[in-house]
Amino acid sequence: MFDVTAAPGSKTTQVSALMKNTGKIIACEKHQIRHDKLVHNIKLQGATNIETHKMDALKLIEELEKESFDAILLDAPCSAEGRFKLSDERTYGFWTLMNIRDKAILQTSLLEASVSLLKK
C-alpha cells in the first residue's frame, strides 16, 4: 500500500494493524515536523511493515514503479476551512482564495499522479 500524505500516521498505522503488520506500506510526508510525528506514531504503535520517505509525494511517485500497489491511501492536504470559528479571527486569518486554489491544484495533482501506481 502507498500512503501518499501520511502524517501524522493514524490511518497508516491502522492499515498496518489491519494487515497484521505484514506486507509493505510506503508512507510519504514532505514536512520535517510532520514526518517526525509520523515516525514517532509508527514506533509507538509497533508497526514494522511501514517504510517512510521524507520527500514531496509527487517526486516519490515519479520514482516508484507504475502499477506496483494494491491500494493507495490519499488523504490530501485540505484548506482547513472546517476549523474556522467566526468569533475568532485567528482561526481564519490565513485563508485566501489563492490558498483554496493552490490546495485544489495540489489535490488534483496528487490524485492524478498516484493513480498510475495502482495495479490494474
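## Salt bridges across the chain

A salt bridge is a side-chain nitrogen of Lys or Arg within 4 Å of a carboxyl oxygen of Asp or Glu. Side chains of opposite charge can pair when their charged atoms come close. This is a predicted model, in which local features need pLDDT of at least 70 and side-chain atom pairs count only at pLDDT 80 or more, while totals for chains, interfaces and linings use all residues. Residues are numbered from 1 along each chain as its sequence is written, and side-chain values use heavy atoms, with hydrogens and water left out.

The count comes to six salt bridges. One of them joins glutamate 67 and lysine 120, at 3.3 Å from N to O. This pair links distant parts of the chain, 53 residues apart. Glutamate 67 sits in the loop between helix 3 (57-63) and strand 4. Lysine 120 is in the segment after helix 4. Helices (H or I, at least four residues) and strands (E, at least two) are DSSP runs, numbered from the N terminus. How exposed is lysine 120? Its relative accessible area is 87%, so lysine 120 counts as exposed. Glutamate 67 is partly exposed, at 39%. Here buried means under 20% relative accessible area, exposed means over 50%, and partly exposed lies in between (1.4 Å probe, protein chains only).

## Two more bridges

Lysine 119 pairs with aspartate 70 in a salt bridge, with the closest N and O atoms 3.2 Å apart. Again, distant parts of the chain are linked: lysine 119 is in the segment after helix 4, and aspartate 70 is in the loop between helix 3 and strand 4. They are 49 residues apart. Lysine 119 is partly exposed at 44% relative accessibility. Aspartate 70 is exposed at 64%.

Lysine 11 forms a salt bridge with aspartate 75, and their closest N and O atoms are 2.8 Å apart. This pair is separated by 64 residues. Lysine 11 belongs to helix 1 (residues 10-18). Aspartate 75 lies in the loop between strand 4 (72-73) and helix 4 (97-114). Lysine 11 is partly exposed, at 41% relative accessibility. Aspartate 75 is partly exposed too, with a relative accessible area of 40%.

## The overall build

The protein has four helices and four strands. From the N terminus on, they run β-α-β-α-β-α-β-α. The C-alpha trace spans about 45 × 30 × 20 Å along its principal axes. Of the 120 residues, 28% are buried.

Contact means heavy atoms within 4.5 Å. Take the contacts with a separation of 6 or more: residues 24 or more positions apart account for 74% of them.

## Helix 1 and its buried face

Which residues of helix 1 are buried? They are Thr12, Thr13 and Ser16. Seen down the helix axis, these buried residues fall within an arc of 90°, so they line one face of helix 1. The arc is that of the directions from the helix axis to the C-beta atoms. On the other side, Gln14, Ala17 and Leu18 are exposed. The cover over the buried residues of helix 1 includes strand 1 (2-3), strand 2 (25-28), helix 2 and strand 3. Just after helix 1, lysine 20 takes a positive phi of about 55°.

Threonine 12 is in helix 1. Its relative accessibility is 0%, so threonine 12 counts as buried. Its side chain makes a polar contact of 2.5 Å with the side chain of aspartate 3. A polar contact is a pair of N or O atoms within 3.5 Å; within protein, one must be able to donate a hydrogen and the other to accept it, and residues adjacent in sequence count only if both atoms are side-chain atoms. Leaving aside neighbours within four places in sequence, threonine 12 is in contact with Asp3, Ala6, Ile25, Ala27, Leu38 and Ile50.

## A buried loop residue

Asparagine 49 lies in the loop between helix 2 (32-45) and strand 3 (50-53). Is asparagine 49 buried or exposed? With a relative accessible area of 6%, asparagine 49 is buried. Its side chain is joined to that of serine 16 by a polar contact of 2.5 Å. Serine 16 is one of the buried residues of helix 1. Leaving aside neighbours within four places in sequence, the contacts of asparagine 49 include Ser16, Met19, Asn21 and Thr22.
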